[in-house]
Amino acid sequence: PVICVEGDAACFAFLQRNIRQFEDATAHQVFLGERSETTSAVLEKVGWNTTIIPVGGAGHAEICLTSLDDFVGTIAEPSRYKVVKIDAEGFDMQILRGVTHYLSSVRPLLLFEYNPGDMTPIGEDGLGTLSHLEALGYTTALVYDFNGRFMLAASLDQRDLLRHLHEYADGANAAVIYYDLCVFHGDDEELARSFIASEPAHRLECSWTARGPS
C-alpha cells in the first residue's frame with residue numbers, strides 16, 4: 001500500500017490523476033509540519049514546488065500544518081508502511097521532528113532531501129534533526145548527490161563528516177547543491193550493509209569508465 005501526502009492544491013490534482021494507475025494508493029491533501037497548528041507563512045513556487053516560509057505578523061497566508069505522527073494516527077495499520085519518503089523544499093527536517101512516535105515504534109526506512117539552501121531561509125538546522133534521528137535509534141545514512149548518484153555511507157555519529165557535507169552543499173558555490181539521504185534504523189543494519197555493498201557496483205556500471213559518456 002502507498003499513502004501520498006501533498007498540500008499544494010495544483011500538485012494534489014496531478015497526484016490524484018497519477019495514482020489512478022495503482023491499485024492500493026491513496027492521496028491526502030495535507031501540509032505536514034513539526035506539530036499540528038495553524039501558522040502564518042509565505043508560500044513560494046506555488047503550483048509546482050511549493051515552499052513554506054513561516055513568518056510572523058498579520059497579512060500573510062494562514063497555513064494549517066499537521067504533524068506526521070497525528071496524520072499516521074488517522075490511518076489503519078500504520079505498521080504496514082515501512083518506507084517514508086519526504087521531499088518538502090526545506091520542511092523535511094520539521095516533518096521528521098514531528099513523527100517521533102511512529103519512527104520509534106515502526107522504525108521505517110527514511111528517504112528525504114537534505115538541502116541547506118532551502119533550510120537556511122527558514123532558520124532550519126539540519127544537523128540537529130540528524131542527531132534527533134540518531135537518538136531514536138537510526139544509525140546509518142547513505143548519501144546521494146542531487147542527481148541520485150551514490151556518494152558515500154556514514155554513521156549518524158560521524159558528526160564532523162556530516163558537518164562537512166552540510167557546509168559543502170552551498171548552492172551555486174558547490175558542485176553538489178543538495179543531497180538525498182537514505183537512513184536506516186539500527187534494527188536494519190543488515191539491510192543497510194546490503195545497500196552499501198550494492199550501490200558502489202551500480203555506480204560503477206553507470207560510470208563513464210564502464211560505459212563512456214552518454
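Strand 11 (residues 179-185) is mostly covered, with 6 of its 7 residues buried, where buried means under 20% relative accessible area, exposed means over 50% and partly exposed lies in between, for a 1.4 Å probe and protein chains only. Helices (H or I, at least four residues) and strands (E, at least two) are DSSP runs numbered from the N terminus. The model is predicted, so local features need pLDDT of at least 70 and side-chain atom pairs count only at pLDDT 80 or more, while totals for chains, interfaces and linings use all residues. Residues are numbered from 1 along each chain as its sequence is written, and side-chain values use heavy atoms, with hydrogens and water left out.

Strand 11 pairs with strand 9 in the antiparallel sense over 7 bridges, two strands being paired if DSSP finds at least two bridges between them; within strand 11, Leu 181 stands opposite Val 143. Strand 11 also runs antiparallel to strand 8 (residues 109-114), to which 5 bridges join it, and Cys 182 of strand 11 is the bridge partner of Leu 111.

Phe 146 belongs to the loop between strand 9 (138-145) and strand 10 (150-155), and is partly exposed, with a relative accessible area of 27%. The C-alpha atoms of Phe 146 and Tyr 179 are separated by 5.2 Å, although these residues are 33 residues apart along the chain. Leaving aside residues up to four places away in sequence, Phe 146 touches Ala 175, Val 176, Ile 177 and Tyr 178, contact meaning heavy atoms within 4.5 Å.

In helix 6 (residues 126-135), the residues Gly 126, Leu 127, Thr 129, Leu 130 and Leu 133 are buried. They lie on the same side of helix 6 because they cover an arc of only 160 degrees around the axis, the arc being that of the directions from the helix axis to the C-beta atoms. Asp 125 caps the N-terminal end of helix 6, with a side-chain oxygen 3.2 Å from the backbone nitrogen of Leu 127, and helix 6 is followed by Gly 137, whose phi is positive, near 105 degrees.

Definitions and conventions: Polar contact = N/O pair within 3.5 Å; in protein donor to acceptor, adjacent residues only side chain to side chain.
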